[in-house]
Amino acid sequence: MPDTLAVMERRGSITPRMRQAGEDFRACFATAQLDPLRAPDWSRLRVGSSSRLRTADEPGLRIEAARDVVWRAILAVGGISSPGGSCLWHVVGWERSLKEWALEQGWSGRLVSQEAASGILIAALGALEAYFGTNGCDPSIS
């Protein structure tokens, strides 16, 4: 499956900075382990309580930090139930095609045309670029 962000940038639909914002979001999403098809990594689970101090390099804390970045970014584009938030989550985060999202997921159960879906993603990436420009995204999380 071709990379939606790369195709959109090549066509001139989005700017390189919008693509980078999407790539940063995707990297944080992967680190946050939010893919519904991913099995838990049992080597990373916290078992029991420990009195020692945890460092930011530990997998559990990196995952939590990445989830915070993803959640704040989703809120910045209107929330998970908004068209932009839903599109970012499914198309950029889960790496589903824009066509799949438009036909199967849509927005709040409403089907949207592929052209409208493209516009929704462009707007969401623009808002994401502005948000990351103001608040920063820590791609080193990934």
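Modeller: A residue counts as exposed when its relative accessible area is over 50%, and as buried when it is under 20%. The model here is predicted.

Biologist: Which exposed residues does the face of α5 turned away from its buried side carry?

Modeller: That face carries L103 and E104.

Biologist: And which residues of α5 are buried?

Modeller: They are L98, W101 and A102. Seen down the axis of α5, these residues fall within an arc of 95 degrees, so they line one face of the helix.

Biologist: Why does L98 count as buried?

Modeller: The cut-off for buried is under 20%. L98 counts as buried because its relative accessibility is 11%. L98 belongs to helix α5, which covers residues 98-105.

Biologist: Leaving out residues up to four places away in sequence, what does L98 touch?

Modeller: L98 touches C87, V91, A117, S118 and L121.

Biologist: How should I read the packing of two helices?

Modeller: Two packed helices are described by the angle between their axes and the distance between the axes. Here, the axes of α4 (residues 83-93) and α5 come within 10 Å and cross at roughly 125 degrees. That angle makes α4 oblique to α5. The crossing of α4 past α5 is right-handed.

Biologist: Which residues of α4 and α5 meet?

Modeller: From α4, P83, S86, C87, H90 and V91 meet L98, W101 and Q105 of α5. Sorted by class, this contact of α4 with α5 has five nonpolar residues, three polar ones and no charged ones. L98 and W101, which take part in the contact, are also among the buried residues of α5.

Notes: Residues numbered from 1 in each chain as written. Predicted model: local features only at pLDDT ≥ 70, side-chain atom pairs only at ≥ 80, totals over all residues. Heavy atoms only, no water. Helix = DSSP H or I, 4+ residues; strand = E, 2+ residues; numbered from the N terminus. Buried < 20%, exposed > 50% of the residue type's maximum accessible area, 1.4 Å probe, protein only. Contact = heavy atoms within 4.5 Å. Arc of directions from axis to C-beta. Axes fitted to C-alpha atoms, helices over the stretch in contact; angles between N-to-C directions. Parallel < 35°, antiparallel > 145°, perpendicular 65-115°, else oblique. Left-handed = near helix turned anticlockwise from the far one by under 90°. Nonpolar A, V, L, I, M, F, W, Y, C, P; charged D, E, K, R; others polar.
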